[in-house]
Amino acid sequence: MTPLRRAVIVDDEPLARERIRTLLADSPDWTVAAECRDGLEAVAVIEREQPDLVFLDIQMPELDGFEVLDALGSTVPAIIFVTAFDEFALRAFEVSAVDYLLKPIDPTRFQRALDRVRTRMSAKVQDASVQLEQLVQLWRARQHLATRFVVRDGGTISFVKVEDVDWIDAAGNYVRLHAAGRAYLVRDTMKAVEARLDPATFVRVHRSAIVNIDRVSALEPYFHGEYVVIMRDGTRLTSSRSHSERLRALLK
């Protein structure tokens, strides 16, 4: 007998959760492991239950759907987003997401989404972390610039305001945010973080470093058009030649 696949439903609307639960009951190979009403609860439940699939609303209290993904890092199951966005955004999601569902959920569309999940699970066509990274990048490209970062420290979730960040550097599979004398690790790429920042305020000075130009104290000429970037906290970073021109332009 094929073991049941386990799903978690995350939505702040009771009727939306009920709709998904009812539709899922028509698929005997699936069971509902848990339901969540907001993003913070979702992170704790997903980590505890380790489901095969999450139906994840995007607009929720505490953490939105994409902040839930940020908090989970790379240990995420298959995701079907539940959205109420325009058709253009939905087409973008369809390029890289496992799938999306548009409220109110159509039963035929729901079963098609489940079929896609089954196909990807059985064939293992693409690693889930790659799918989600692509989806997050697509979403961020269409949204307003970030106002905060989600930071995990053990079991605690906190936030760092973008305006408080002095500079950012790469740290293996993470980026490290430097703010008010403290450092915070966020599981993300430099490219993805840079895309979320206001280019009028933050500039890439090296492939491994981004600075808040309002926190730059001075520039010292270095070799071949490069600079030593001196931050207000005393940190000294070396700009690469390919990034120095934009740095000069922003500081004029």
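Student: Which residue in β7 is the bridge partner of V151?

Tutor: Strands of a sheet pair through backbone hydrogen bonds, either parallel or antiparallel. In this predicted model, V151 has S158 as its bridge partner in β7.

Student: How many bridges join β6 to β7, and in what sense do these strands run?

Tutor: Strand β6 covers residues 148-153 and strand β7 covers residues 156-161. They run antiparallel, joined by 6 bridges.

Student: What do β6 and β7 form, and how many residues lie between them?

Tutor: They form a hairpin, with 2 residues between them. Look at G154 in the turn: its phi is positive, about 65 degrees.

Student: Over how many bridges do β3 and β4 pair?

Tutor: They pair over 5 bridges, in the parallel sense.

Student: Is D57 buried or exposed?

Tutor: Compare the relative accessible area with the cut-off: under 20% counts as buried. D57, in strand β3, has 5%, so D57 is buried. Leaving aside neighbours within four places in sequence, D57 is in contact with V10, D11, D12, G65, V82 and K103.

Student: D11 is among those contacts. Where is D11 placed?

Tutor: D11 is in the loop between β1 and α1 (14-24). Its relative accessible area is 0%, so D11 is buried.

Student: Which backbone nitrogen lies 2.9 Å from a polar atom of the D11 side chain?

Tutor: That of E13. Beyond its neighbours within four places in sequence, D11 is in contact with A16, R17, C36, R37, D57, M60, V82 and K103.

Student: Next, the largest nonpolar core. Which of its residues touch the most other members?

Tutor: The core has 23 residues, and V8, V10, L56 and V68 touch the most other members. The elements giving two or more residues are β1 (5-10), β2 (30-36), α2 (39-49), β3 (53-57), α3 (65-72) and β4 (78-83). Helix α3 gives the most, with 5 residues.

Student: Which residues does L56 touch?

Tutor: Set aside residues up to four places away in sequence. L56 then touches V10, G65, V68, L69, I79, I80, F81 and V82. A second, separate core holds 18 residues, including W30, F55, A113 and L114.

Student: Last, the whole chain. How many helices and strands does its secondary structure come to?

Tutor: There are 8 helices and 15 strands. Of the 252 residues, 46% are buried. Among contacts between residues at least 6 apart in sequence, 52% join residues at least 24 apart. The chain exposes about 13100 Å², of which carbon and sulfur atoms supply 50%.

Methods:
Residues numbered from 1 in each chain as written. Predicted model: local features only at pLDDT ≥ 70, side-chain atom pairs only at ≥ 80, totals over all residues. Heavy atoms only, no water. Pairing = 2+ DSSP bridges. Helix = DSSP H or I, 4+ residues; strand = E, 2+ residues; numbered from the N terminus. Core = buried A, V, L, I, M, F, W, Y, C linked by side-chain atoms within 4.5 Å. Buried < 20%, exposed > 50% of the residue type's maximum accessible area, 1.4 Å probe, protein only. Contact = heavy atoms within 4.5 Å. Polar contact = N/O pair within 3.5 Å; in protein donor to acceptor, adjacent residues only side chain to side chain. Areas by Shrake-Rupley, 256 points an atom, 1.4 Å probe, with all protein chains shown as cover.
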